[in-house]
Amino acid sequence: MTYSDNEIIEGIRQHDKAVLQVFYKMHFGSIHHFIIQNGGDEQEAKDVYQDAVIVLYEKIKGNNLQLSSSLKTFLYSICRNLWLKQLERKEKFTGKIEEQEEFIHVEEEVRDWDAEKIQYLYMKDAMAKLGEPCKSLITDFYINDLNMQTMTEKFGYTNADNTKNQKYKCMNRLKRYFFELYKK
Amino acid sequence: MNIDETIVEKAERYIKGVMTADEQSEFEAKVKSDAAYANAVNEYLQFYTSFEHFVSREKLKGEMDVAHADLIEEKNLIAAPGQTGKVIKLFRKNIRLISVAASVAIISVLGTALVLTKYYGTQIPSGYRALVNDVAQIKKTQRVINNQIKSIASATQKKPAVAGIYSGTSFLVTAKGYLITSLHIVNNANNIEVVNDGYAYNAHVIATNAACDFALLKIEDSSFESPKSIPYNFYSQNAEMGQKVFTLGYPRTDLVYGEGSVSSLTGYQDDTIAYQVSVPLNPGNSGGPLFDERGNIVGVISGKQMQTDAASFAIKSSYIVDALKTVDDKDFEKDFTLSNKKTLSKQPRVQQLKTLKSYIFEVRVIN
């Protein structure tokens, strides 16, 4: 099953999970090939590809996607850009790229990427530092969208208010850890 | 709950719009009258913005991981050895139980530090240094294990191209086998090879000038046949804005032609040593010549200043000529001339390129 670019953009805008799944599977192969050909491994291929999908996804959700090419070219160009930067950072730039296909200039699209990624990684680290039950509590509530009742049962609190209070305590702690990293 | 935790509660209820009218006006009044309270609320809101962004990415990553696991199953792609493979396997086992991936829970502090190292390479934000040092030993051990797994895997898998080979472009400046290239290509090189028309010759560095990313190479190979003369001139006068230019180089192992014009008289970050050119370039073009329409050298492509695909830059020929004039090598001084030949000036482009291609060499560096 395939979708046109417009169907994909509309699907992502409407948060249609099936469209995202199909879209993800459509393009991983060529990006995977590009990264492997240019000094990356499986994990790096996956990471770069997912980062590029995030860039596209956030552009669509934020209503500021200005597409001057096909989605495939756009995605490839983002991956190419992110990967070259990463090679440069690691000082592993071999000075040579095995091009897969045509690409467009996407500097503008990825301008804020690094700053946002650092914030994301700080948050991830703060989450890791939280420990249990806070980590699961926050993950279940905010990321897995479990409701208070389910969570109260799962974590064994006496009532939903206790769960809520516990969650506020955890969020306060997460905030502290986040700023400890962020303000350094 | 302490005061900070109350602020968390109030701020979240406020954001979600679930406060009662009384509660809201009381909250707003307190924010207005109590500066410390307002600060704390603001701080929380700042955190919460980052947090929401994080949540949205984690959700998306969860969905992508589901697709990825499917893909691996379908295409039977081999996951990377070591920890990575474990995470995927662990995840796939639970895939039916949890519809959305809670990858946060899987990845430990160690995992995050590794992600950071991978992402930022040597430039890890300062806050992370200590953490990374702590895990250095563990990483080392893991690398040994990974390498062992890889060496087993390599028996069945085809290896990608050999790492450690850097490449770029160079071009003859005298008939005796002196070549110009970019310093950053040949810096710290153990072994340099220049290739033209399938023939490789050994070369070494004669002179460098870091300010303009310049290196002079000399072919030291008995199999090299010197051409009679060099068909192009070196212009000590720089090109003008808007002037048409072209280049030949080796972004891949074949010679590639590119044309455009001088789009700015300054380079990366207003650097006056370089031009910005609208010629489509790739990193392998570094060290290649920039010609004007009559086939005179007006610059040298410098990939050092290329920020991936943002813009292309070339070092102005006046700086290259200055660098050439200060080279301290008797043979070179005898051989080098700016000259004023007209060999190429009236020829159509196709003819120019036919002549030029035997003077442009691919540089291969083995570190």
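Q: Which angle do helix α6 (residues 134–143) and helix α8 (residues 160–182) of chain A make where they pack?

A: Here the general idea is that axes are lines fitted to C-alpha atoms, for helices over the stretch in contact, with angles running from 0 to 180 degrees between N-to-C directions. In this predicted model, α6 and α8 of chain A pack at about 105°, and their axes are 9 Å apart. Angles under 35 degrees count as roughly parallel, over 145 as roughly antiparallel, 65 to 115 as roughly perpendicular and the rest as oblique. The two helices, α6(A) and α8(A), are therefore roughly perpendicular to each other. On the α6(A) side, the contact uses A:C134, A:L137, A:I138 and A:F141. On the α8(A) side, the residues include A:Q166, A:C170 and A:L174. Two residues are in contact if their C-beta atoms, placed from the backbone, lie within 7 Å.

Q: How are residues and chains labelled, and how is the model's confidence used?

A: Residues are numbered from 1 along each chain as its sequence is written, while chains are lettered from A and ligands numbered from 1 in the order in which they are written. As the model is predicted, local features need pLDDT of at least 70 and side-chain atom pairs count only at pLDDT 80 or more, whereas totals for chains, interfaces and linings use all residues.

Q: How many helices and strands does chain A have?

A: Helices (H or I, at least four residues) and strands (E, at least two) are DSSP runs, numbered from the N terminus. Chain A has 8 helices and 0 strands.

Q: What share of chain A is buried?

A: A residue is buried if 20 or more other C-beta atoms lie within 10 Å of its own, exposed if 12 or fewer, and partly exposed in between; C-beta atoms are placed from the backbone. Of the 184 residues in chain A, 40% are buried.

Q: Where do nonpolar residues gather into a core?

A: In soluble globular proteins, nonpolar side chains tend to be buried together. A nonpolar core is a set of buried Ala, Val, Leu, Ile, Met, Phe, Trp, Tyr and Cys residues joined through C-beta atoms within 7 Å. The largest one has 54 residues, and B:L179, B:V245, B:A314 and B:I320 have the most contacts inside it. Strand β5 (residues 214–219) of chain B gives the most to this core, with 5 residues. A second, separate core of 31 residues includes A:F28 and A:C79.

Q: Is B:D213 buried or exposed?

A: B:D213 is buried, with 28 other C-beta atoms within 10 Å. Its place is the loop between β4 (199–209) and β5 of chain B, and its phi is near 50°, a positive value in a residue other than glycine.

Q: Is A:H15 buried or exposed?

A: A:H15 is exposed, with 12 other C-beta atoms within 10 Å. Its phi, near 55°, is positive in a residue other than glycine, and A:H15 sits in the loop between α1 (5–13) and α2 (17–37) of chain A.

Q: Which residues does a cis peptide bond join?

A: The cis peptide bond joins A:E132 and A:P133, with omega about 5°. A:P133 belongs to the loop between α5 (113–130) and α6 of chain A.

Q: Where in chain B does pLDDT stay under 50?

A: pLDDT is the predictor's confidence in each residue, from 0 to 100. Where pLDDT is low, the predicted coordinates should not be read in detail. Chain B averages a pLDDT of 74, but the value stays under 50 over residues 77–164. Over residues 304–309 of chain B, pLDDT is also below 50.
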